[in-house]
Amino acid sequence: IQSKLPKVGTTIFSVMSQLAQEHGAVNLGQGFPDFPVPAALVAALDQAMRDGHHQYAPMTGVPALRQAIADKTLRVYGHRPDPDAEVTVTSGATEAIFNAVHAVVRAGEEVVVLDPCYDSYEPTIDLAGAHAVHVPLDPATFAPDWQRVREAITPRTRMLMVNSPHNPSGAMFSEGDMRELEAIVRDTGVFLLSDEVYEHIVFDGRRHESVLRYPALRERAFVVSSFGKTYHCTGWKIGYCIAPLALSAEFRKVHQYNVFSTFTPGQHAFATMLQAHPEHYEQLGAFYEAKRDRFREQLATTRLRPLPVPGGYFQLVDYSAVSDLDDAAFCRWLTVEKGVAAIPLSPFYEAPPPGQRLARLCFAKHEATLDAAIERLQRL
Ligand code: PMP
Ligand code: GLN
């Protein structure tokens, strides 16, 4: 058959996890924690099931969860979205991204993405019959070149996608970046999709610059997050989208016929967690910062050169002192021959910078997992 997604194969995350399994490698590739979820989350899920929450949730999400999300948003970002009209619970951030694009982007229109970017963006845009326009981030700092973003916007541009803290680099937008963003979209019909799944994983006293803090941005934005990242449960696939009423209305039309509604007991469990245990998301940055710092100290004993990690749970390493292989070949070799699985950066780009020698390691792991990986990396 003639594929609708001819460029798409199996995602690099699945490929590397499978390779890791086949070769008994320590898996620092695909981003997922290997430690337990909070005990209170399991207890809340258990309670939700005992309470009999087993049938379809309301299409837009369980009311208690939408309210808890609105309350948290007010508490953290100083703006309370209307939980009934502006908050929609989704089956992970991936579904939210898909819905947002399909809600507003028409065939033939353009969506600007900043490379490297998360791998679901472009296929989602392609399926809408639209065209992804790739603007590279700075290859050294992963900061946006706002002038290039400005130049990429045309009368055909319907959406600009941004992601801070950034996967794969961990780079974060500054307040200055947000002001640039405001200036760029002002007086345009461009919608924003702000992928903020790592919103609570920020380090060194930095502030996460949520689009929700900026009225001129949030009035045209879909802001997407994921409980998978915040509560160490990527397998639950529950996330949400906050968008103004008119955008949420269109978003919900897609959600309604995409999945209709999302796993009900999990929604109740997250409502409990947000309300009863705000300390979990408040302390998440410190929790991961300790892991980051320890891992970076250990990496200093290897020939890999770690890049700065302002946020998120990925560490980029420059391996040019170890190998001259391209990143895909290096990550395969590292997994198969050296027993540590990593993710190459090239799948996150339309056109990877020539000669870039970077691999992504996930440090959302037990200390013992990271220790085992370091022992192997020391032998490189
Ligand atoms: N966006 C980014 C930047 C991500 O890293 C991820 C998770 N890998 C997602 C979206 C998807 O999140 P979810 O698992 O909730 O669909
Ligand atoms: N977001 C995760 C990562 O970047 C992977 C998600 C997936 O496997 N689809 O590693």
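This is a predicted model: local features need pLDDT of at least 70, side-chain atom pairs count only at pLDDT 80 or more; totals for chains, interfaces and linings use all residues.
Local features need pLDDT of at least 70, side-chain atom pairs count only at pLDDT 80 or more, and totals for chains, interfaces and linings use all residues.

**Stop 1: the domains.** Select 12-30 + 283-377 for domain 1, then 39-278 for domain 2; such bounds come from an automatic or database domain assignment. Their centres, taken over C-alpha atoms, are 26 Å apart.

**Stop 2: where they touch.** Here 22 residues of domain 1 are in contact with 22 residues of domain 2 (C-beta atoms, placed from the backbone, within 7 Å). On the side of domain 1, pick α13 (284-299) and β10 (314-318), the elements that give two or more residues. α13 brings the largest share, five residues. Colour this side by class and you will find 14 nonpolar, four polar and four charged residues (nonpolar: Ala, Val, Leu, Ile, Met, Phe, Trp, Tyr, Cys and Pro; charged: Asp, Glu, Lys and Arg; polar: the others, Gly among them). Helices (H or I, at least four residues) and strands (E, at least two) are DSSP runs, numbered from the N terminus.

**Stop 3: a helix pair.** Now select α3 (residues 63-77) and α11 (residues 264-276). Show the side chains of Ala64, Leu65, Ala68, Ile69 and Lys72 on α3, and of Gln267, His268, Phe270, Ala271, Leu274 and Gln275 on α11: these residues make the contact. Seven of them are nonpolar, three polar and one charged.

Methods: Residues are numbered from 1 along each chain as its sequence is written. Chains are lettered from A and ligands numbered from 1 in the order in which they are written. Axes are lines fitted to C-alpha atoms, for helices over the stretch in contact, and angles run from 0 to 180 degrees between N-to-C directions. Two residues are in contact if their C-beta atoms, placed from the backbone, lie within 7 Å.
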